[in-house]
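Here is a short tour of one model, written for someone who likes to know the cut-offs. Have the viewer ready and follow along.

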Amino acid sequence: MNTWLQYILIIIALILISLVIVKLMRKDFHIEANKLIGYLGGKDNIINAECNMSRFKVILKDITLVDKEAIEKLGAKGIVEIDNQLKIIFGKDAKQLKRYIDDLL
């Protein structure tokens, strides 16, 4: 019976460790959305933001305020600049980032 108790304690410990690892690996989209807004030149620089599948499209007042390097470090897989708009490829995270940015704007 003592052996069963040890197995149960080991299983509980493994479950707790797994939960901690999963929580640490989850992205905090509130923080990332705030950073992205800053890298885009601030919320006053953003005219419109849209999401299409894996791409996040944003129309800006002043494209020169954008920190493309920082956006790439945030996880962007690519950035396309056309006039005063950016198309940023974020993959599966694009929609969730868009939702948080909408809340902040």
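## Where to start

Where does Lys-43 lie? Lys-43 sits in the loop between α2 and β1, with helices (H or I, at least four residues) and strands (E, at least two) taken as DSSP runs numbered from the N terminus. This is a predicted model, with local features needing pLDDT of at least 70 and side-chain atom pairs counting only at pLDDT 80 or more, while totals for chains, interfaces and linings use all residues. Residues are numbered from 1 along each chain as its sequence is written, and side-chain values use heavy atoms, without hydrogens and water.

## Around Lys-43

Leaving aside neighbours within four places in sequence, Lys-43 is in contact (heavy atoms within 4.5 Å) with Ile-37, Leu-104 and Leu-105. Lys-43 and Ile-101 are 58 residues apart in sequence, yet their C-alpha atoms are 9.3 Å apart in space.

## The two sides of α4

Ile-101 belongs to helix α4 (residues 94-104), whose buried residues are Ala-94, Leu-97, Lys-98 and Ile-101. Buried means under 20% relative accessible area, exposed over 50%, and partly exposed in between (1.4 Å probe, protein chains only). Seen down the axis of α4, these buried residues fall within an arc of 100°, so they line one face of the helix; the arc is that of the directions from the helix axis to the C-beta atoms. The face turned away from the buried side carries the exposed residues Arg-99 and Asp-103.

## Leu-40 and its contacts

Not counting residues up to four places away in sequence, Leu-40 touches Asn-45, Ile-46, Phe-56, Val-58, Leu-60, Leu-65, Val-66, Ile-71, Leu-86 and Ile-88.

## Leu-5

Leu-5 has its place in helix α1 (residues 2-25). Leu-5 is partly exposed, with a relative accessible area of 48%.
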